[in-house]
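Have the sequence and the 3D view open as you read.

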Amino acid sequence: MAYKIKESTCVGCLACRDECPNQAISETNFVMSIDPTKCTECIGFFADPQCLSICPIPRTIQINPDVPRFQAAV
Amino acid sequence: MESGKQKTVALLHVMQPAGQKNSGTGCASSGGKGKSSCGSSAGQGDLSPEVWEKVKNHPCYSEEAHHHYARMHVAVAPACNIQCNYCNRKYDCSNESRPGVVSERLTPEQATKKVLAVASTIPQMTVLGIAGPGDPLANPEKTFKTFEMVAQSAPDIKLCLSTNGLMLPDYVDQIAALNIDHVTITINMIDPKVGAKIYPWVFYNHKRYTGVEASQILSERQLLGLEMLTARGILCKVNSVMIPGINDHHLVAVNKAVKARGAFLHNIMPLISAPEHGTVFGLNGQPGPTAQELKLLQDSCEGEMNMMRHCRQCRADAVGLLGDDRSAEFTTDKVMAMDVTYDRAGREAYQEKVELKRQAVVAARNMELATLAGEHSDVSILIAVATKGGGRINEHFGHAKEFQIYEVSTAGSKFVGHRRVDVYCEGGYAEEDSLATVVRAINDCQAVFVARIGGCPREGLKAAGIEPVDRFALEYIEQSAIAYFKDYLERVRRGEIQHSKRGDADIRQGALIA
Ligand code: SF4
Ligand code: SF4
Ligand code: SF4
């Protein structure tokens with residue numbers, strides 16, 4: 001799984017984009033999106049997902065159930 | 001700028017000090033003048049000679065200068081790294097702005113062009129601030145890039161920065177290297193237990209902290225940042241939001257702590273909170289202070305330190321002088337299409353003229369004050385003034401969107417704050433309940449000075465015990481206030497009127513959008 005951003009509540013502050021260690025988050029015309037092929041849920045970088053930790057709006061960054069859970073390389 | 005998500009492009013973030021944030025946003029005033037702006041041309045108060053040298057003519061901090069210069073903000077910093085209970089992140093940072101103002105978001109290149117466009121058109125614009133919409137130091141690349149670009153093209157513009165302080169210690173070197181003129185830190189507590197009621201979380205070192213721990217980190221970083229800046233001789237102002245029942249008494253301790261660390265000015269602002277702002281405090285019914293509660297706290301801190309009263313908490317203020325809004329000329333689209341040449345010589349010539357005008361205002365005040373010499377009385381009164389700026393009584397009562405409040409005694413006159421009111425006379429007819437709004441906002445004043453006033457509101461004000469005064473129309477505010485006060489004392493002495501303290505007044509919730 002990766003994370004995804006709920007468009008209807010996101011205020012477009014770009015905080016998540018700037019914190020992502022994988023440059024997985026991008027913005028076009030104030031619409032943010034997470035590239036599921038790049039998001040590692042911050043595994044391998046930080047204890048907590050950075051985007052989720054800095055996002056000011058509750059329940060805006062959510063688990064993306066359409067993608068399989070990220071597997072850390074062994 | 002077209003999708004439904006695009007926030008309405010906000011007005012140009014110019015603070016027109018016109019006498020007063022806010023802000024948000026036109027801030028400046030009696031602060032730099034020392035605790036008593038009473039008496040002649042400003043007192044150094046407890047400021048050190050070096051600080052005094054920097055602030056005595058500062059467009060943000062000298063009261064006289066403040067009435068004649070404007071400052072502007074550019075919205076290049078959308079992200080924030082903490083959460084405040086008085087903030088709704090759908091809008092701009094409430095530390096310096098008012099809730100309810102939607103954000104725009106500019107790139108450093110767009111912002112620089114906007115600054116040059118405004119500075120070329122409005123020569124009294126002399127200070128550029130970055131304060132949000134989030135926290136400038138949570139967006140360090142964009143913030144410092146904007147400052148660098150502006151400093152290169154317009155080296156005469158002073159730069160300032162407002163921050164929640166969390167990342168401040170990390171950027172003190174950069175702030176010093178860029179010659180940033182002054183920094184404002186919002187400090188609402190020094191006790192993390194108090195902080196836990198104001199800040200639900202902070203994001204620090206890649207982790208979200210909550211509760212007392214969050215405020216512990218925030219407070220340590222704020223005070224450390226303040227110490228580091230003042231050690232380098234950079235001017236630091238502290239803003240505090242007064243939240244009754246949470247930090248109101250505690251702010252006296254905050255005042256002492258920030259003074260001890262070298263802040264030269266402390267600005268206590270009222271919490272602005274209403275359910276429609278969608279903030280935690282707004283939704284749980286946390287009230288803001290009344291005008292009297294705010295003034296009492298400011299007065300009790302003033303013994304300790306210079307206070308700043310003029311702040312309207314406005315940040316997205318209009319462009320141009322009050323009542324002459326020019327923000328429509330500077331939307332992002334228009335600015336980007338403009339061909340801007342920065343006319344430094346023209347600006348300097350204009351500013352010289354402003355200086356002469358400013359000196360005339362001070363001279364008039366001092367002359368009038370001299371006639372009070374030798375008089376002593378315990379009486380002090382508040383006067384509300386309708387003005388468009390320039391230090392004169394030049395606004396019609398019915399057109400005033402806010403009133404400036406002056407306190408006058410035998411010690412002299414001083415500016416003590418603003419009261420925002422609804423436009424009383426919309427389209428030429430007056431409604432009764434709008435007069436009631438004005439009365440509530442200036443209920444603690446003995447008189448209201450106006451350029452003109454209609455018969456109906458005149459009677460209404462008298463009935464409420466506030467004397468409407470139009471005989472000083474177009475005159476200088478402080479000179480007139482002192483003249484009025486002399487006459488007032490005379491009338492009290494002759495027994496024509498009886499002096500009694502007036503009641504409390506409302507601080508109006510919501511934004512002043514000129
Ligand atoms: S969870 Fe981490 S890697 Fe994934 S988008 Fe968020 S910040 Fe980037
Ligand atoms: S941090 Fe949250 S609100 Fe800000 S852009 Fe990212 S998802 Fe949107
Ligand atoms: S620091 Fe400013 S933008 Fe950040 S939460 Fe507080 S008021 Fe809002």
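## A helical pair in chain B

B:Glu459 comes out as partly exposed, with a relative accessibility of 48%. On that scale, buried is under 20% relative accessible area, exposed is over 50%, and partly exposed is in between (1.4 Å probe, protein chains only). This is a predicted model, so to speak: local features need pLDDT of at least 70, side-chain atom pairs count only at pLDDT 80 or more, and totals for chains, interfaces and linings use all residues. Side-chain values use heavy atoms, with hydrogens and water left out, while residues are numbered from 1 along each chain as its sequence is written, and chains are lettered from A and ligands numbered from 1 in the order in which they are written.

What does B:Glu459 form a salt bridge with? The partner is B:Lys462, and the closest N and O atoms are 3.9 Å apart. A salt bridge here means a side-chain nitrogen of Lys or Arg within 4 Å of a carboxyl oxygen of Asp or Glu. B:Lys462 is partly exposed too, at 47%. Helices are DSSP runs of H or I with at least four residues, strands are runs of E with at least two, and both are numbered from the N terminus.

Helix H15 (residues 477-493) of chain B holds B:Arg491 and B:Asp487, 4 residues or about one turn apart. Their side chains meet in a salt bridge at 3.3 Å, N to O. B:Arg491 is buried at 13% relative accessibility, whereas B:Asp487 is partly exposed at 28%. Both belong to a salt-bridge network that also links B:Glu467 and B:Arg471.

B:Arg494 and B:Glu496 make another salt bridge, 2.6 Å from N to O. B:Arg494 is partly exposed at 49%, and B:Glu496 is partly exposed at 49%. Over all chains, the count is 19 salt bridges.

## Chain A as a whole

Chain A has 2 helices and 4 strands, and they run β-α-β-β-α-β along the sequence. Its radius of gyration is 11 Å, close to the 11 Å that the globule rule gives for 74 residues, so chain A is as compact as a globular protein of that length. That radius is taken over C-alpha atoms, and the rule is 2.2 Å times the number of residues to the power 0.38.

The C-alpha trace of chain A spans about 35 × 25 × 20 Å along its principal axes. Of its 74 residues, 45% count as buried.
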